[in-house]
Amino acid sequence: CNFHSLIITYFALRMNSKRCIIVYMKELKLNHPENKKGFTIIEVVLVLAIAGLIFLMVFLALPALQRSQRDSQRKNQVNAVAGQLNNAISNNRGRLISDYGSNNDFENFIANYITPFQDEYRDPSTGEVYVFRECEAALGCGVSGGNISTSIEQNLQVGEIYYNAGANCSNGGQFVDVPENRTYFALVTRMEGGGLLCVSNG
């Protein structure tokens with residue numbers, strides 16, 4: 001019993017009042033532990049179901065959000081590589097960096113403009129420095145009928161950047177060959193969320 005109940009008991013006994021005894025009995029009934037309601041099973045199940053649904057939504061949405069963030073970082077990194085290529089071209093009196101491995105032109109660019117800052121050019125998925133690829137047997141030299149070749153579409157992997165001299169990107173972001181052009185270049189990489197990203201100076 002609480003203090004209030006004790007007071008009522010005292011006056012009921014003191015005054016021998018029937019009315020006070022009735023009030024006292026009501027007070028005891030209201031404060032009885034069995035009359036204090038808790039959560040029902042249905043309420044508990046409903047709360048758990050809502051919490052589970054929220055967890056499931058977050059669980060499904062989080063990977064997609066993380067992929068999108070990594071792809072945004074890839075886009076920034078490929079644009080940074082394009083900026084370094086423009087610097088190299090300017091330092092080379094406007095001559096485009098060749099994409100043929102036989103003359104080591106692109107390899108020298110990597111050694112001088114990328115390797116010293118390699119921590120800035122790590123793929124966000126693998127954590128490894130990007131693998132730069134150029135005109136080679138596995139990928140071809142980039143084009144099939146003016147568009148990106150099937151070999152690049154199928155074989156270029158996440159964490160790789162393909163370089164092609166004499167090409168650019170269309171307004172839709174598609175790789176386009178520009179035969180005999182010595183001004184434009186294009187960089188292509190695979191996005192984790194799907195598709196290819198094309199960046200050029202043309």
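Six aromatic pairs turn up in this structure, where rings of Phe, Tyr and Trp (its six-membered ring) pair if their centres lie within 6.5 Å. Keep in mind that this is a predicted model, in which local features need pLDDT of at least 70 and side-chain atom pairs count only at pLDDT 80 or more, while totals for chains, interfaces and linings use all residues. Residues are numbered from 1 along each chain as its sequence is written, and side-chain values use heavy atoms, with hydrogens and water left out.

**Aromatic pairs**

- A pair of aromatic rings is described by the distance of the centres and the angle of the planes.
- Phe 55 and Phe 59 have ring centres 6.3 Å apart and planes at 20°, so they count as stacked (planes under 30 degrees apart are stacked, over 60 edge-to-face, the rest tilted).
- These two Phe residues sit four residues apart in helix H3, which means about one helical turn separates them.
- Phe 55 and Phe 59 are both exposed (exposed is over 50% relative accessible area, buried under 20%, partly exposed in between, with a 1.4 Å probe and protein chains only).
- Tyr 163 and Phe 185 make a tilted pair, at 6.0 Å centre to centre and 45° between the planes.
- That pair links distant parts of the chain, with Tyr 163 in strand S4 and Phe 185 in strand S7, 22 residues apart.
- Tyr 163 is buried at 0% relative accessibility, and Phe 185 is buried with a relative accessible area of 0%.
- Ring pairs also tie Phe 106, Phe 109, Tyr 113, Phe 132, Tyr 163 and Phe 185 into a cluster.

**The sheet**

- Four strands form an open sheet in the order S1-S4-S7-S8, with mixed pairing (two strands pair if DSSP finds at least two bridges between them; strands are DSSP runs of E, at least two residues, and helices runs of H or I, at least four, numbered from the N terminus).
- At the edges are S1 (131-133) and S8 (196-200), each pairing on one side only.
- From one strand to the next, the twist averages 25°.
- S4 (residues 160-165) and S7 (residues 185-190) are antiparallel, over five bridges.
- Within that pairing, Ile 161 stands opposite Thr 189, and Tyr 162 has Val 188 as its bridge partner.
- S1 and S4 run parallel and are joined by three bridges, with Val 131 opposite Glu 160.
- Six of the six residues of S4 are buried: Glu 160, Tyr 162 and Asn 164 point one way, and Ile 161, Tyr 163 and Ala 165 the other way.

**The disulfide**

- There is one disulfide, a disulfide being a pair of cysteine sulfur atoms within 2.5 Å.
- Cys 169 is joined to Cys 198, with S to S at 1.9 Å.
- The torsion about their S-S bond is about -80°, so the disulfide is left-handed.
- Cys 169 is in strand S5 (residues 167-169) and Cys 198 in strand S8, so the link ties together parts 29 residues apart in sequence.
- Both ends are buried, Cys 169 at 14% relative accessibility and Cys 198 at 12%.

**Confidence**

- The protein chain averages a pLDDT of 78, and 68% of the residues score at least 70 (pLDDT is the predictor's confidence in each residue, from 0 to 100).
- Where pLDDT is low, the predicted coordinates should not be read in detail.

Conventions: Axes fitted to C-alpha atoms, helices over the stretch in contact; angles between N-to-C directions.
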